Amino acid sequence: MRSLIHIPAPTATTQLRDDVLLAWLEALPEDVDLRELRSTEAQRRVVRRACELMMARPDEPLSMLEVCSRIGASQRKLNYCFQETLGLSPARYLRALRLNGVRRELKRLGAGSVQDVAAHWGFWHLSQFATDYRRQFGELPSQTLRGAALMHH
C-alpha cells in the first residue's frame, strides 16, 4: 500500500483493481469442468417438465410410469433428478401437490364431503390419506372442512 500513496487517486484505484483481478484470475483453475453444471441443468429440466406435467391436471394424477413415458426419462432417472433438485421423490411431490389441492377445495364454501373431495383428487385409501394429510398440515381433513364451514357462517 505504501507504493500507492504517492500515486494519484484514480491511478491508484485502477492499479489496485487490476492487481486484485489478476490475483483472482490466477487463483482460478486452468481447466473448468462444465459437465457437472450441464448435468445439473439437465436434471432441473427433467424435474421442470415432470412438475409441469403433474400440475397440468393434479386432480387426475398420472402414474409415475406415465410421467416417465411422457417426459422420456426412466423411473430411476426421474427419482434421481427429483432427489438431487428438490430433495424428495417425484411420488412425494405429486402427493403433496394433490394434498394441497384437497386442502384448497376443503376450504371452499360447499366443498362436499371429505371422501368426495379426496376421491376427486385421486385418494382412495382414506385412512392413509388422512394420515398423510395430518402429517402435511397438522390437522385432519375433517377439521379443515369444519374450520371452513365456521369461517363462512
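Figure 1. The side chains of Glu41 and Arg44 form a salt bridge with an N to O distance of 3.8 Å; a salt bridge is defined here as a side-chain nitrogen of Lys or Arg within 4 Å of a carboxyl oxygen of Asp or Glu. The model is predicted: local features need pLDDT of at least 70, side-chain atom pairs count only at pLDDT 80 or more, and totals for chains, interfaces and linings use all residues. Residues are numbered from 1 along each chain as its sequence is written, and side-chain values use heavy atoms, with hydrogens and water left out. Glu41 and Arg44 both belong to helix H3 (residues 35–56), where they are three residues apart, about one turn of the helix. Helices (H or I, at least four residues) and strands (E, at least two) are DSSP runs, numbered from the N terminus. Glu41 also meets the side chain of Arg48 in a salt bridge, at 3.4 Å from N to O. Through shared partners, salt bridges join Glu41, Arg44 and Arg48 into one network.

Figure 2. Relative accessible area is classed as buried under 20%, exposed over 50% and partly exposed in between (1.4 Å probe, protein chains only). Glu41, at 30% relative accessibility, therefore counts as partly exposed. Arg44 is likewise partly exposed, at 42%, and Arg48 is partly exposed at 40%.

**Figure 3. The salt bridge between Asp132 and Arg135 in helix H8.** Asp132 and Arg135 meet through their side chains in a salt bridge of 3.2 Å, N to O. Both residues lie in helix H8, three residues apart, about one turn of the helix. Asp132 is buried, with a relative accessible area of 10%, whereas Arg135 is exposed, with a value of 62%. The structure as a whole holds five salt bridges.

Figure 4. Four aromatic pairs are found in a search of the whole structure. Rings of Phe, Tyr and Trp (its six-membered ring) pair if their centres lie within 6.5 Å; planes under 30 degrees apart count as stacked, over 60 as edge-to-face and the rest as tilted. Phe123 and Phe129 make a tilted pair, with 5.0 Å from centre to centre and 40° between the planes. Phe123 and Phe129 are both buried. The rings of Tyr133 and Phe137 are also tilted, because their planes stand at 55°, with the centres 4.8 Å apart. Tyr133 and Phe137 are both part of helix H8 (residues 126–137), four residues apart, about one turn of the helix. Tyr133 is buried, with a relative accessible area of 0%. Ring pairs link Phe123, Phe129, Tyr133 and Phe137 into a cluster.

**Figure 5. Arg98 over the ring of Phe123.** The charged end of Arg98 sits over the Phe123 ring, 4.0 Å from the ring centre. The criterion requires NZ of Lys or CZ of Arg within 6 Å of the ring centre and within 35 degrees of the ring normal. Phe123 itself is buried.

**Figure 6. Cys68 and Cys81.** Cys68 is buried at 5% relative accessibility, and Cys81 is buried with a relative accessible area of 3%. The structure holds zero disulfides, a disulfide being a pair of cysteine sulfur atoms within 2.5 Å.
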